[in-house]
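Dear colleague,

Please find below the structure that I am handing over to you. My notes on what was found in it follow directly after.

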Amino acid sequence: MFTKLKAYLDSVKARDPAPRSRWEVMLYPGVLALGLHRVAHWLFNAKLFFLARFVNHFSRLLTAIDIHPGAKIGKNFFIDHGFTVIGETAEIGDNVTIYQCVTLGGTNPTNGKGGKRHPTVCDNVIIGSGAQVIGPITVGERARIGANAVVMEEVPAGATMVAIKARSTLVPAEEWMKEFIPYGTPLAMQCEDEEGNKVDCIEKLQGELAEMKQEIASLKAASVPAEPDTIQANFDLGKRSGTVD
């Protein structure tokens, strides 16, 4: 048991540079919430629902993290900071990282449909702060959910989802193979220009935008009709040269 606890604390320490020791990690709200959830989940599976809920509510009071006792969570799960909600039928794989203010929410409770209502999060997923993952969807292995994204559809393995409603940035496979990306949001993604050289994606987009602006300005200039004075001057010049009757 102590070997497993040590390995878990080391996995948290590898993803967060702030703690100086394992003892400090043990005071993290996410670590405390996960430990109490293990107890609540055991009680839930034993059909001791009231006791499971009691542990759940105590954990929420202590950590500001609400994990339903029925949620299934794998190894090395880390909630950084807290204020997270995880629903009853959520399933979380191994080595998943969630930042603050994330919701793994369910489908519309007023439609009366039970069963699987919450997301399935596969191994090595990172969910950025403020993200909302809603419904019985699957977030593929090694996917990244950017901060404040709202995800309501299936997420392919290795995709990085951003914005509201979240869309994939189509990050190449070699990008998501990185071991860890804080907050699930790559800050310096690399793209290729026309010559195949590596450039910053934002820089590439800015360059393409500048080219589009130049093309639009050229088209506008070419389509502007000549001024009346210019037309009259050209007419007079043509009459003097004999090219206009």
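**Findings**

Cys101 has a relative accessibility of 40% and therefore counts as partly exposed; buried means under 20% relative accessible area, exposed means over 50%, and partly exposed lies in between, with a 1.4 Å probe and protein chains only. Cys122, at 24% relative accessibility, is likewise partly exposed. The count of disulfides is zero, where a disulfide is a pair of cysteine sulfur atoms within 2.5 Å.

Some notes on the source are needed here. This is a predicted model, in which local features need pLDDT of at least 70 and side-chain atom pairs count only at pLDDT 80 or more, while totals for chains, interfaces and linings use all residues. Residues are numbered from 1 along each chain as its sequence is written, and side-chain values use heavy atoms, with hydrogens and water left out.

The chain contains seven helices and 17 strands; these are DSSP runs numbered from the N terminus, with helices (H or I) of at least four residues and strands (E) of at least two. Of the 245 residues in the chain, 36% are buried.

Five strands make up an open sheet with parallel pairing, in the order E1-E4-E7-E10-E13; two strands pair if DSSP finds at least two bridges between them. Strands E1 (66-67) and E13 (150-151) are at the edges with a single partner strand each, so one side of each has no neighbour in the sheet. Within the sheet, E4 (residues 85-86) pairs with E7 (residues 103-105) over two bridges in the parallel sense, and Val85 stands opposite Thr103 in E7.

Leu9 is part of helix H1. Its relative accessibility is 3%, so Leu9 counts as buried. Leaving aside residues up to four places away in sequence, Leu9 touches Arg22, Val25, Met26 and Val31; contact means heavy atoms within 4.5 Å. Between Leu9 and Val25 there are 6.5 Å in space, C-alpha to C-alpha, and the two are 16 residues apart in sequence.

Helix H1 (2-15) and helix H3 (29-45) each supply at least two residues of the lining of the largest pocket. A pocket is an open set of points on a 1 Å grid over the protein atoms alone, where a 1.4 Å probe fits, with protein on both sides within 12 Å along at least five of seven lines; lining residues have an atom within 4 Å of a point. Among the 14 lining residues, Lys4, Leu5, Tyr8, Leu34 and Arg38 are the closest to the pocket's centre.

Yours sincerely
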